Amino acid sequence: MARGLGKGLTSYGDDGFSLFLRKAFIKAMGYSDDALSRPIVGITNTYSDFNPCHGNVPQLIEAVKRGVMLSGGMPMVFPTISIHESFAHPTSMFLRNLMAMDTEEMIRAQPMDSVVVIGGCDKTLPAQIMAAASVDLPTVVVPVGPMVIGHHKGEALGACTDCRRLWGAHRADTIDAEEIEVINGRLAPSVGTCMVMGTASTMACITETLGLSLPMSATVPAPHAERVRIAEASGRTAARMAVQGGPRPSELLTPNAFRNAATVMQAIGGSTNGIIHLTAIANRTPHRFELAELDEIGRRVPVLVDLKPSGAHYMEHFHHAGGVPRLLRELDDLIDLDALTVTGETLRDIARAAEDVPGQDVIRPRTSPIKAEGSMAVLSGNLAPGGAIIKQAAASAHLLAHTGRAIVFHSVADMIARIDDPALDVTADDVLVLQNAGPKGAPGMPEAGYLPIPKKLARQGVKDMVRISDARMSGTAFGTIVLHITPESAVGGPLGLVETGDLIRLDTAGRRIDLLVGEEELARRRAALVAPPAPIERGYARLYRASVLQADEGCDFDFMRHPSRLDETGG
């Protein structure tokens, strides 16, 4: 099998000439024959001036290169798309599959024996792992790491749970315009991803649990020297894997590995986005991960990590308490500790070596959990035949069983236009409903599921209401929010039949979300539906709308699933 510079030769009809030409051009960079004879480790560069989460990527690249060269390999850096949550229009989720395709094709197209992917912001790690699973080249993942915490008036602050809490206080007129601007400069005090258990942190913990990154990779703060040392060690690991030819993602991404990832996701109070990404990753393999399995795990696995938005602490506290290795030891029999990792160790080896930190209260023992059940519950019912998700760990307990009158917004634009209208007929007991915000309907399934509390209610002190949609929400958000309703409104899902004034019943314990309207009336409404005219689209937008699957299938493109999956219907 070809190795190094001889891999994947450009087709000129003469392999000898192809290699000759390739060497001639690369020597223009000043490389010696000795350098070019080494195993090649590709390193992705996701740095961008638009991506503050990835602000430390240049330093991490240099550390990975150092590790590769210290181990006798040849590092080759190449760029890919970079996606930042707050700078991607219309949403970062809209671009995740494009990044996955870009990363996959660049790994396939260029000669490398292993690859190190560096990323962090919400959709980056999922996209990179989806690509790695499809290419099946030995891969090491280096997360960029979370920010350090900020401070304001003696209070610890973090993006973005505190962003939302304090912006809500500003909307309620308890924080004035001058102070909110001061806070704005203190919420994100360093490069790195959000320092709460949002999507980026969730995916970093999942990545470490899947065995794709080195121990402690998920939690070391982005500015810390230890983050750089992990990058160097990751380069060493990738160089060894380039020679040994593995382990490959297909050896790591097993059914038990996906169960492990879901178990950790439930135990950390993880982001609801994590299940979409985990499902998409699983669908790039011969395996599946079903919502029913997530719910079954959630009934057995308690929330043990005391981090916002489900708890009180931040990622750097989780790190100093022992990180994912210490959590794995606490989970013990709930995890398959014999699962393999890129280091050649098993999770059991890593858990056994975890640090014991006297007095830490971030990683709770199973006898004293934050929540008795896992972070997320899966709902069904006549509003969600294909399932829906509620992050029960971040919900208000008194609203987990609730019946209320629907207040319907037909789109994100409609919600923005009317949510703060003083004439809006709404009370705290009502259920806010957002339609047409799913994968196809928005498009891009925006994080609009965290519907703001109507301003007139916020000013009365209302901090939470039941809110339901076919959209997503940030993992940093708190509230009693039902998301990912499948099928979505735009493809004829029953959520699109809800009208203002209808009664909706949420029964989290019973795992149901139901519209209390008779079947005859629903049939009448369905018959009266008029499909909106198809938008005129080109390029990627056209590909996206034509090919994207529903939330329960991970919102990947139907044709990007593992070959064993391609005969399945969806979308």
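**Ground rules.** I am working on a predicted model, where local features need pLDDT of at least 70, side-chain atom pairs count only at pLDDT 80 or more, and totals for chains, interfaces and linings use all residues. Residues are numbered from 1 along each chain as its sequence is written, and side-chain values use heavy atoms, with hydrogens and water left out.

**Overall build.** I looked up the secondary structure and found 20 helices and 14 strands in the chain. Helices (H or I, at least four residues) and strands (E, at least two) are DSSP runs, numbered from the N terminus. The radius of gyration is 24 Å, close to the 25 Å that the globule rule gives for 571 residues, so the chain is as compact as a globular protein of that length. That radius is taken over C-alpha atoms, and the rule is 2.2 Å times the number of residues to the power 0.38. Along the principal axes, the C-alpha atoms fill a box of roughly 75 × 60 × 50 Å. I then checked burial: 58% of the 571 residues are buried. Buried means under 20% relative accessible area, exposed over 50%, and partly exposed in between (1.4 Å probe, protein chains only).

**Aromatic pairs.** I found 8 aromatic pairs in the structure. Phe 94 and Tyr 544 form a tilted one, 4.7 Å centre to centre with 50° between the planes. Rings of Phe, Tyr and Trp (its six-membered ring) pair if their centres lie within 6.5 Å; planes under 30 degrees apart count as stacked, over 60 as edge-to-face and the rest as tilted. Which helices does this pair link? Phe 94 is in helix H4 (residues 92-109) and Tyr 544 in helix H20 (residues 539-547), 450 residues apart.

**Charges over a ring.** I turned to Tyr 450. The charged end of Arg 164 sits over its ring, 5.5 Å from the centre. Arg 467 also lies over the face of Tyr 450, at 5.3 Å from the ring centre. The test is NZ of Lys or CZ of Arg within 6 Å of the ring centre and within 35 degrees of the ring normal.

**A buried loop residue.** I looked up Tyr 314 in the loop between helix H13 (291-300) and helix H14 (315-320). Tyr 314 is buried because its relative accessible area is 2%. Val 362 is 48 residues from Tyr 314 in sequence and 8.9 Å away in space, C-alpha to C-alpha.

**Cavities.** I counted 3 cavities of 30 Å³ or more. On a 1 Å grid over the protein atoms alone, a cavity is a set of points where a 1.4 Å probe fits but cannot get out, and a pocket is an open set with protein on both sides within 12 Å along at least five of seven lines; lining residues have an atom within 4 Å of a point. Grid points are joined across faces, edges and corners, and a volume is the space filled by probe spheres set on the points. The largest cavity has a volume of about 60 Å³. Its lining includes Ile 275, His 484 and Asp 552. H12 gives the largest share of that lining, 3 residues.

**A pocket.** The second largest pocket has a volume of about 530 Å³. It is lined by 20 residues, with Asn 436, Ser 489, Ala 490, Ala 531 and Pro 532 nearest its centre.
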